[in-house]
Amino acid sequence: MTRPGRILVVDDEQGISDFLLFGLRDEGYDVMCARDGEEALELLERFKPHVVLLDIMLPGIDGFEVCRLMKDRARVAIIMLTARDDVTDRVKGLVTGADDYVVKPFSFAELKARIEARFRNQFPELSAVTRVGKFEVDKVQKLIRYEGVALGLSRTEYTLLEILLETPGVALTREQIMSRVWGDDFTGEDNILEVYIRYLRHKLNDTKRQLIRTVRGVGYRVDLQ
């Protein structure tokens, strides 16, 4: 699964940029890097990041001015990065609009936690959305999109597809699915699962895509394309 958030790393040290780029991509984020303030401001418009990891000591426009300009131009969370644990720098960063402050060298686990906090606090609408291949599962609005288009699912259809998307490529047994969607005490029609699988396939135009696969003798799985 991937996360819906976009992160911009602004640092002129190649080693730090690469470390954050690969580490955050492994966490599922969409990440781009800038080497200076001008490139960062350009990517602010083009990439539209949610969170910016911004080094203070940049060539050309310094991090404080970049922070101020970004806050004037966009809804963005900014975490300042610096090698100096100086109270004056921290105060100046916060005054210019920074939302958090991390001193180098830092723990990746701590930085990741601070990034996640920014998403929860400043972009709560994203924390409820999970991407699975070309699917987007919105657990707050209880809807699923495929290739950006809402599928218009009923509550039962949503629950069924959400369960299948939890383990893409792995078949769930009929009993597992029935228990989670309709409960262990369900006494309705025996073919209810097959009926709802047919509904989902119709809404996904699945004759061509074959996203929902029947695994003979087991149950069903979702194959991502």
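Domain bounds here come from an automatic or database domain assignment. This is a predicted model, in which local features need pLDDT of at least 70 and side-chain atom pairs count only at pLDDT 80 or more, while totals for chains, interfaces and linings use all residues. Residues are numbered from 1 along each chain as its sequence is written, and side-chain values use heavy atoms, with hydrogens and water left out.

**View 1. The chain is assigned two domains, domain 1 and domain 2.** Domain 1 takes in residues 6-126, and domain 2 takes in 129-222. Taken over C-alpha atoms, their centres sit 38 Å apart. UniProt, in an unreviewed entry, marks residues 127-224 as "DNA-binding region" and also gives them the annotation "domain: OmpR/PhoB-type". UniProt positions follow the numbering used here, feature names are shortened, and annotations may be inferred rather than shown by experiment. That stretch, 127-224, is 39% helix and 24% strand, with 22 Å between its end C-alpha atoms. Helices (H or I, at least four residues) and strands (E, at least two) are DSSP runs, numbered from the N terminus.

**View 2. Aspartate 55 sits in strand 3.** Strand 3 covers residues 51-55. The unreviewed UniProt entry places "modified residue: 4-aspartylphosphate" at Asp55. Is this aspartate 55 buried or exposed? Aspartate 55 counts as buried, because its relative accessibility is 4% (buried means under 20% relative accessible area, exposed over 50%, partly exposed in between, with a 1.4 Å probe and protein chains only). Setting aside residues up to four places away in sequence, aspartate 55 touches Val10, Asp11, Asp12, Gly63, Leu81, Thr82 and Lys104. Contact means heavy atoms within 4.5 Å.

**View 3. Here is a cis peptide bond, running from lysine 104 to proline 105.** Its omega is near -10°. Most peptide bonds are trans, and most residues other than glycine have a negative phi. Proline 105 belongs to the loop between strand 5 (100-103) and helix 5 (108-122). Lysine 104 also turns up among the residues that aspartate 55 touches.

**View 4. Lysine 48 and glutamate 147 are up next, each with a positive phi.** Lysine 48, which isn't a glycine, has phi near 55°. Look for lysine 48 in the loop between helix 2 (37-46) and strand 3. Glutamate 147 isn't a glycine either, and its phi is about 55°. The loop holding glutamate 147 runs between strand 8 (143-146) and strand 9. With a relative accessible area of 46%, glutamate 147 is partly exposed.

View 5. Alanine 128 is buried, at 12% relative accessible area. Aspartate 138 is 10 residues away from alanine 128 in sequence, and their C-alpha atoms are 5.7 Å apart. Not counting residues up to four places away, alanine 128 touches Val137, Asp138, Lys139 and Val140.

**View 6. Helix 7 (residues 155-166) meets helix 9 (residues 192-203).** How do the two helices cross, and at roughly what angle? Their axes come within 10 Å and cross at roughly 85°, so helix 7 and helix 9 are roughly perpendicular to each other. Helix 7 brings Thr156, Glu157, Leu160, Leu161 and Leu164 to the contact, and helix 9 brings Leu193, Tyr196, Ile197, Tyr199, Leu200 and Lys203. By class, that makes 8 nonpolar, 1 polar and 2 charged residues (Ala, Val, Leu, Ile, Met, Phe, Trp, Tyr, Cys and Pro count as nonpolar, Asp, Glu, Lys and Arg as charged, and the others, Gly among them, as polar). Axes are lines fitted to C-alpha atoms, for helices over the stretch in contact, and angles run from 0 to 180 degrees between N-to-C directions. Angles under 35 degrees count as roughly parallel, over 145 as roughly antiparallel, 65 to 115 as roughly perpendicular and the rest as oblique.

**View 7. Helix 8 (residues 174-182) packs with helix 9 too.** The angle is about 85°, and the axes are 11 Å apart. Helix 8 and helix 9 are therefore roughly perpendicular. Arg174, Ile177, Met178 and Trp182 of helix 8 meet Ile192, Leu193, Glu194 and Tyr196 of helix 9. This contact has 6 nonpolar, no polar and 2 charged residues.

**View 8. Leucine 151 lies in the loop between strand 9 (149-150) and helix 7.** Leucine 151 is buried, with 14% relative accessible area. Leaving aside neighbours within four places, leucine 151 is in contact with Phe135, Ile144, Tyr146, Leu161, Lys203 and Leu204.
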